[in-house]
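Take a walk through this structure, one stop at a time. Keep the sequence and the 3D view side by side.

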Amino acid sequence: MTVMTRKNAIACAFAAVAWAALAPAPAAPPYAVSHALPEPVVFAPGVISTGDDESHPTFTPDGRMLYFLRNTPLFDHWTVVVSRFVDGRWSTPEVAPFSGRFNDADVAFSPDGSSLYFISDRPAAPGGKSRDDTDVWMMRKTADGWSEARHLDAVSSPGYEWFPTVTDDGTLYFGSARRDGNRGPAGTSDLWRSRLVDGRYTEPENLGDVINTSGQDIEAWVAPDESYIIFSSKGRADSRGNYDLYISYRRGETWSEPQNLGDTVNSEGWEFGARMSPDGRYLFFTSNRKMFERPLERRLSYPELIDMLHSPGNGLRDIYQVDASVLPAAPDRVP
């Protein structure tokens, strides 16, 4: 290389560094915050999280749309709604085009955003009656939006199916109260997975005794590369209350002993419906924890009482966000 060539190369390198310094930084996703979130906070209070019952948040892969549930207080009817991030704020939610009639819930996207999954008690055949349980349904992205919902026969059963999650290779993880292979008595849920082979889902396989117990094991979010799983469980010895969130790491076909996410995340209430943000920086989940102390510090006026009863933290379900740093590290060894 000649002296002049070396000078040109150095000049080009300096120019590239200068250009990189001047170029605008990539825009942060709309759910990102400028400060640390070492403890859970209510997400988008007043718009997403209100005094009503909200749960099961799911962002589109670009982070600019949020699908979640608006529910009856008894949690016996669920509707999928969607909010868009427009002009620097989350829009007033609208009922998702595929929801609003039947019990629909638990939206999930394939990692590339080409498919949308959800559960529903809608009839499997047109014109039929709504089901007594819920099954998994799927829609494909089209030039005009989304295709008609398709019932996934291969993973359905006479029991309830819950909370689908799809990995990079198309494997579908879900909860199910099916009896064949379940660890607990009738009515309890185990976590299952079905591989996608040649465009078809294989016979579901139970995740085994390390993950599943004789109690309720539900709503597993699985990392796209299947390196770890976050799920909700009820009845384990280290439970803080009702449903707690746990994490387990995968090594080959083996899962590590699930670790409780601890008092920072879990409470005496229910914690469930957990999903990581698309960039992996935040954990979003649902909780019905109460946000006020009992007894109160002082006597409330009637307007103050109404405001408290109609605000997040009133005992109904709300959506929370916390830094991913709350997740325990993977153990050095997986048995």
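Which residues does Asn 266 touch, not counting residues up to four places away in sequence? They are Arg 240, Asp 244, Leu 245, Asn 260, Leu 261, Glu 271 and Arg 289. Contact here means heavy atoms within 4.5 Å.

Before going on, a word on the model. It is predicted, so local features need pLDDT of at least 70 and side-chain atom pairs count only at pLDDT 80 or more, while totals for chains, interfaces and linings use all residues. Residues are numbered from 1 along each chain as its sequence is written, and side-chain values use heavy atoms, with hydrogens and water left out.

Back to Asn 266. Its place is in the loop between strand 22 (259-260) and strand 23 (271-276). Strands (E, at least two residues) and helices (H or I, at least four) are DSSP runs, numbered from the N terminus. Asn 266 is buried, because its relative accessible area is 3%; buried means under 20%, exposed over 50%, and partly exposed in between (1.4 Å probe, protein chains only). The side chain of Asn 266 also reaches the backbone nitrogen of Leu 245, at 2.8 Å.

Two strands pair if DSSP finds at least two bridges between them. Strand 1 and strand 25 (residues 318-323) run antiparallel and are joined by two bridges. Val 42 stands opposite Tyr 320 in strand 25. Strands of a sheet pair through backbone hydrogen bonds, either parallel or antiparallel.

Next, the charged pairs. The whole structure holds 17 salt bridges. A salt bridge is a side-chain nitrogen of Lys or Arg within 4 Å of a carboxyl oxygen of Asp or Glu. Start with Arg 131. Its side chain meets that of Asp 133 in a salt bridge (3.0 Å, N to O). Arg 131 forms a salt bridge with Asp 135 as well, the closest N and O atoms being 2.9 Å apart. Arg 131 is partly exposed, at 25% relative accessible area. Asp 133 is buried at 6%, and Asp 135 is buried at 0%.

Another salt bridge joins Arg 236 and Asp 217 (3.3 Å, N to O). The pair links distant parts of the chain, 19 residues apart: Arg 236 is in the loop between strand 19 (228-234) and strand 20 (243-251), and Asp 217 is in strand 18 (residues 216-222). Are these two buried or exposed? Arg 236 is buried at 14% relative accessibility, and Asp 217 is buried at 0%. Elsewhere, salt bridges link Arg 193, Arg 195, Glu 205, Glu 226, Arg 250 and Glu 253 in a network.

Now to Ser 214. Ser 214 sits in the loop between strand 17 (205-206) and strand 18. Ser 214 counts as exposed because its relative accessibility is 52%. Leaving out residues up to four places away in sequence, Ser 214 touches Arg 183, Gly 184, Pro 185 and Thr 188. From Ser 214 to Gln 321 is 107 residues in sequence and 30 Å in space, C-alpha to C-alpha.

The last stop is Tyr 302, in helix 2 (residues 302-309). Tyr 302 counts as exposed, at 60% relative accessibility.

Key. Polar contact = N/O pair within 3.5 Å; in protein donor to acceptor, adjacent residues only side chain to side chain.
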